[in-house]
Amino acid sequence: MNNQIGNQSEVLFHFTLTLADGSVADSTKLQGKPAKLKMGDGSLTANFEACLLGLTAGDQHSFELGPDDAFGPVNPNNIHYMERRQFAAELDLSEGAIVAFTQPNGAEIPGIIRDVAGDSVTVDFNHPLAGQRVTFDVEILTVA
């Protein structure tokens, strides 16, 4: 029986996320391990899940998603300027480094170092793919 992916389906699939410049942002094929998803569990955004609805095992499809449908636009309120002294002296603060920050509730959130100028460090808390157009290639392995 070839079930279609619905709102409560469990799906085993391979995916590749490619940026507009052709570079691969993420790929289960490169990792050698497919992704497992329970539709509606929040592990994918609603827009990514909507791309999967109706597909069946064996289907391969490619979806183009703009920033609003993928990881959202860059939010300038998520870019913060901090003083260098707020970081441990041994911490690598080079541009592009990812630093874990602990929120007041104890959860960790990653921040990307965008710039270091003197004692000022620019930290971007947007999703690393925010503002990016992506191609979402999927290969559905099983649907339950």
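Student: Which residues does H14 touch, leaving out those up to four places away in sequence?

Tutor: In this predicted model, H14 touches T28, K29, K33, P34, D137, V138, E139 and L141. H14 itself is found in strand β1, residues 10–19.

Student: Why is H14 called buried?

Tutor: Its relative accessible area is 15%, and buried means under 20%. The value falls under that limit, so H14 is buried.

Student: What makes H14 and T28 a polar contact?

Tutor: Their side chains are joined at 2.9 Å.

Student: What makes a set of residues a nonpolar core, and which members of the largest one touch the most others?

Tutor: The members have to be buried residues of the listed kinds, joined through side-chain atoms within 4.5 Å. The largest core has 22 residues, and I5, F13, L52, F136, V138 and I140 touch the most other members. The elements giving two or more residues to this core are β1, β3 (35–38), α2 (46–52), β4 (60–65) and β9 (134–143). There's also a second, separate core of 10 residues, which includes L93, A97, V121 and V123.

Student: Why is the pair F13 and F15 called tilted?

Tutor: The ring centres are 5.9 Å apart, and rings pair if their centres lie within 6.5 Å, so F13 and F15 qualify as a pair.

Student: What makes F87 and F101 edge-to-face?

Tutor: The centre distance is 5.9 Å, but the angle between the planes is 80 degrees. That is over 60, so the pair is edge-to-face. F87 lies in the loop between β5 and β6 and F101 in strand β6, so this pair ties together parts that are 14 residues apart in sequence. F87 counts as buried at 9% relative accessibility, as does F101 at 15%.

Student: How many aromatic pairs are there in the whole structure, and which residues do ring pairs link into a cluster?

Tutor: A search of the whole structure gives seven. The cluster links F13, F15, F48, F63, F71 and F136.

Student: Why are β5 and β6 called edge strands?

Tutor: The open sheet has four strands in the order β5-β8-β7-β6, paired antiparallel. β5 (79–83) and β6 (98–102) each pair on one side only, and that makes them the edges. From one strand to the next, the twist averages 40 degrees.

Student: How do you know that β6 and β7 pair?

Tutor: Pairing needs at least two bridges, and β6 and β7 (residues 108–117) have five, so they count as paired, in the antiparallel sense. Within these strands, I98 stands opposite I112 in β7.

Note on methods: Residues are numbered from 1 along each chain as its sequence is written. This is a predicted model: local features need pLDDT of at least 70, side-chain atom pairs count only at pLDDT 80 or more; totals for chains, interfaces and linings use all residues. Side-chain values use heavy atoms; hydrogens and water are left out. Buried means under 20% relative accessible area, exposed over 50%, partly exposed in between (1.4 Å probe, protein chains only). A polar contact is a pair of N or O atoms within 3.5 Å; within protein, one must be able to donate a hydrogen and the other to accept it, and residues adjacent in sequence count only if both atoms are side-chain atoms. Contact means heavy atoms within 4.5 Å. Axes are lines fitted to C-alpha atoms, for helices over the stretch in contact, and angles run from 0 to 180 degrees between N-to-C directions. Rings of Phe, Tyr and Trp (its six-membered ring) pair if their centres lie within 6.5 Å; planes under 30 degrees apart count as stacked, over 60 as edge-to-face and the rest as tilted.
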